[in-house]
Amino acid sequence: MTKSLTITRPDDWHLHLRDGAMLRAILPETARHFARAIIMPNLMPPVVTGAQALAYRDRILAALPAGMSFEPLMTLYLTEDSNTEDIAAAHANGLIKAVKLYPAGATTNSASGVSDFSKVFGILEKMAEIGLPLCVHGEVTDHNIDIFDREAIFIDRVLEPIRSSIPELRIIMEHITTSDGVDYVRENEANLAATITTHHLIINRNHILVGGIKPHYYCLPVAKREEHRLALRIAATSGDNRFFLGTDSAPHVDTLKENACGCAGCFTASNTMALLAHVFEEDQSLNHLEAFASQNGPAFYGMPLNNDTITLTKSDTPTNFPSKIYAGEEKVTVFDPGFPVYWSVT
Ligand code: DOR
Ligand code: ZN
């Protein structure tokens with residue numbers, strides 16, 4: 001039996017596109033299905049200034065194959081030395097849609113992030129005044145805090161103090177992984193939303209560790225216990241407009257994933273929409289997939305919905321997704337959910 005679902009073309013509200021050969025290899029994987037994406041600025045060196053964001057945007061558009069359309073929504077990487085006027089100007093001229101806060105040391109290329117949050121308060125106040133949202137990687141980085149507790153503790157120690165001092169600041173908790181994150185968003189009425197990745201709806205920490213270590217399931221924030229995955233599933237499939245898709249699709253070449261010190265990141269751009277259709281159908285919520293992937297994000301960011309559609313089709317035989325994408329000579333492994341998926345974007 002063939003089943004199909006047509007939805008407004010989705011956007012990805014959290015995406016790593018990298019640069020150079022990797023950018024050229026992976027950009028079509030996103031542009032094929034998504035109209036727009038919030039582009040993470042954690043390059044080496046990071047995208048800190050408006051001029052750097054403009055140059056990166058040009059490189060992304062130059063890498064887009066002829067005939068494809070895609071709008072990169074640029075962000076700036078917040079550092080303790082970021083310039084308030086430069087950020088405000090990049091927002092005023094429409095170049096950037098958000099600023100990204102990485103606690104220093106939290107994840108890939110986050111060394112230039114923020115250690116002393118009081119040093120960026122002036123910038124955050126300005127952002128609240130001009131209506132520029134803050135995307136937050138919500139994990140504390142103290143060595144003595146267990147990696148599985150870092151999101152919950154971040155909410156109490158960093159996020160809540162920022163929100164109570166600057167309640168007008170619009171904040172997106174990126175890639176939440178816990179019921180604590182879900183509850184915190186639900187308890188707060190205004191100016192707060194969260195993105196959820198595809199992979200955190202599918203894997204828990206057992207998938208990473210049981211039966212041998214699976215480097216392609218390792219990402220940050222790391223997947224948590226099953227009860228947290230289930231809380232994310234309920235939030236994502238509920239239709240609640242405070243939760244929307246941010247894939248955090250984050251490619252690393254296989255040699256750096258399958259490594260004694262493997263990089264964090266799951267590459268899901270290629271099969272995300274099919275996997276989401278599977279997940280939402282499993283939870284009897286296919287009617288909320290459009291809200292999660294295509295409507296709630298634009299509403300929070302104050303942007304129009306896309307005016308075209310994609311169609312997802314379910315067939316009788318499992319879909320063959322590519323298992324690898326080639327970036328020059330190097331391979332990138334596409335996220336394998338570990339079960340057959342019958343949906344595809346047609
Ligand atoms: O798993 C992740 N990979 N989490 C992040 O926060 C960064 C990302 C990357 O850039 O590789
Ligand atoms: Zn990310």
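Predicted model: local features only at pLDDT ≥ 70, side-chain atom pairs only at ≥ 80, totals over all residues.
Local features require pLDDT of at least 70 and side-chain atom pairs pLDDT 80 or more, whereas totals for chains, interfaces and linings use all residues. Residues are numbered from 1 along each chain as written, chains are lettered from A and ligands numbered from 1 in written order, and side-chain values use heavy atoms, without hydrogens or water.

His14 is buried at 1% relative accessible area, and His16 is buried at 6%. Buried denotes under 20% relative accessible area (1.4 Å probe, protein chains only).

His16 also faces ligand 1: an N or O atom of its side chain is 3.3 Å from a ligand oxygen. For Arg18, a polar side-chain atom lies 2.8 Å from an oxygen atom of ligand 1. Asn42 likewise places a polar side-chain atom 2.8 Å from an oxygen atom of ligand 1. The protein covers 99% of the 290 Å² of accessible area that ligand 1 has on its own (Shrake-Rupley method, 1.4 Å probe).

Ligand 1 is surrounded by 14 residues, each with a heavy atom within 4 Å. The closest are Arg18, Asn42, Thr107, Leu220 and His252. The shell divides into 4 nonpolar, 8 polar and 2 charged residues.

Conventions
Buried < 20%, exposed > 50% of the residue type's maximum accessible area, 1.4 Å probe, protein only. Polar contact = N/O pair within 3.5 Å; in protein donor to acceptor, adjacent residues only side chain to side chain. Nonpolar A, V, L, I, M, F, W, Y, C, P; charged D, E, K, R; others polar.
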